[in-house]
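Open the structure in your viewer and keep the selection tool at hand. This tour goes stop by stop, telling you what to select next and what you will find there.

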Amino acid sequence: MATNTTANQTAHVKAAYDQAIFMALRPHLHFDQVADVEPTMQTQPGTSVTFTINSDLAVATTPLDESTDVDPATLSSTTASVTIVEYGNAAEATEKLLGVAFDAPPFDKGAAERIGWNAGVSQDSIAAGVLYGGSNVTYGTGGTTDPTSTATIQTDDILTAHDVRIVVAQLYTASVPTWMDGYYRGFIHPHVALDYREETGAGNWRSFQEAFAAAGTEGATPLIKGFLGEYEGVAWVQTPRAQLVADAGSDAVDQYGTLVIGRQALAKAYSKSVSGPHPQVRIRPPVDRLLRFHSVGWYWLGGYGRFREESIRRIESSSSLGTNV
């Protein structure tokens, strides 16, 4: 007598699929959120938006002469400009694919979801690129020889608390306002954050947190949970989207960019009539002869520009977790 098994009943035994579709792991988006300058009284639609910044008069400390009139001062101003350009992406599916795919009912919804994410991360990347293009650059001093350029960064030139204190002092010296919570904003790669947390010696992040832990206060929460929190006047955000340029340093050392920024660092402009402040997801109905091609995409007409260079500080360093080939 034959025994029916999975080996001889292959017509009835098939692999199963879960129709719930999971998305790729995604980082949080942060950089667009710090664009706190936008047009409020724009004259008309245009290819760019120019912002005007009035300069202050020189301090008048010389006593007046009783019989002599003062010389009038010249009022001056500077400008910052944001160019408005088109951005977008799209995906297309055929009628046949929608008719035979096992996840056909949610397929176009899944495409729209991925297009929506692509719109958000693309816009955030545009903002990040503008911020990382700032001209105020210092370098990690954790090594024996301080680098003087990106190309001279070596494996031991990691970020230190001293480096952060320098840029915070520069921001305060330039009268750059903090955010409403009284802190500047810092964007740091997790590889760099590890070195920052593990720095030894007095006055570093770890000794500060361990003192809280020894006292049994809630201030030790960052140490327990492993995030930076607020330290040295900076509210820190760890993100894998922080700058990492492979092999940019000396002997193919990976270069990381840590941003510390104040208010009015980034300006944002966009077409209010076409797309608004964020990309629009656009679903196009089939328009071919047989109505077989379905498309979904996103579109944004806008741009970013550095509003105040003095509000942006970038610290370039290496990391002990870098590839450094």
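Two rings of Phe, Tyr or Trp (for Trp, its six-membered ring) count as a pair if their centres lie within 6.5 Å; planes under 30 degrees apart are called stacked, those over 60 edge-to-face, and the rest tilted. By this rule the count comes to eight aromatic pairs.

Before you select any of them, a word on what is on your screen. This is a predicted model, in which local features need pLDDT of at least 70 and side-chain atom pairs count only at pLDDT 80 or more, while totals for chains, interfaces and linings use all residues. Residues are numbered from 1 along each chain as its sequence is written, and side-chain values use heavy atoms, with hydrogens and water left out.

**Stop 1: ring pairs**

Select Phe51 and Phe307. Their ring centres are 5.7 Å apart and their planes stand at 90°, so this pair is edge-to-face. Phe51 belongs to strand β1 and Phe307 to the loop between β12 and β13 (312-317), so the pair ties together parts 256 residues apart in sequence. Helices (H or I, at least four residues) and strands (E, at least two) are DSSP runs, numbered from the N terminus. Both Phe51 and Phe307 are buried. Here buried means under 20% relative accessible area, exposed means over 50%, and partly exposed is in between (1.4 Å probe, protein chains only).

Next, select Tyr172 and Tyr184. This aromatic pair is also edge-to-face, at 5.1 Å centre to centre with 65° between the planes. Tyr172 sits in helix α3 (residues 161-173) and Tyr184 in strand β5 (residues 184-188), 12 residues apart. Which of these two is buried, with a relative accessible area of 0%? That is Tyr184; Tyr172, at 46% relative accessibility, counts as partly exposed.

To finish this stop, show Phe31, Tyr132 and Phe187, which ring pairs link into a cluster.

**Stop 2: nonpolar cores**

A nonpolar core is a set of buried Ala, Val, Leu, Ile, Met, Phe, Trp, Tyr and Cys residues joined through side-chain atoms within 4.5 Å. How many residues does the largest nonpolar core have? It has 27, and those with the most contacts inside it are Phe31, Leu131, Phe187, Leu259, Leu266 and Tyr304. At least two residues of this core come from each of α2, β9, β10 and β12 (293-306). The largest share, 10 residues, is supplied by α2.

Now centre the view on Leu131. Leaving aside residues up to four places away in sequence, Leu131 touches Phe31, Val34, Leu259, Ala265, Leu266 and Ile312 (contact means heavy atoms within 4.5 Å).

**Stop 3: salt bridges**

A salt bridge is a side-chain nitrogen of Lys or Arg within 4 Å of a carboxyl oxygen of Asp or Glu. By this rule the count comes to nine salt bridges.

Begin with Arg26 and Glu113, whose side chains meet at 2.7 Å, N to O. Arg26 lies in the segment before β1 (48-54) and Glu113 in helix α2 (residues 104-132), so the bridge ties together parts 87 residues apart in sequence. Arg26 is partly exposed at 30% relative accessibility, and Glu113 is partly exposed at 32%.

Then pick Arg263 and Asp36, a salt bridge of 2.6 Å, N to O. Arg263 is in the loop between β9 (255-261) and β10 (266-270), and Asp36 is in the segment before β1, so parts 227 residues apart in sequence are tied together.

Glu92 counts as exposed at 53% relative accessibility, whereas Arg284 counts as partly exposed at 37%.

**Stop 4: a buried loop residue**

Select Thr239, in the loop between β7 (234-238) and β8 (243-245). Is Thr239 buried or exposed? At 1% relative accessibility, Thr239 counts as buried. Not counting residues up to four places away in sequence, Thr239 touches His28, His30, Ile188, His189 and Pro190.
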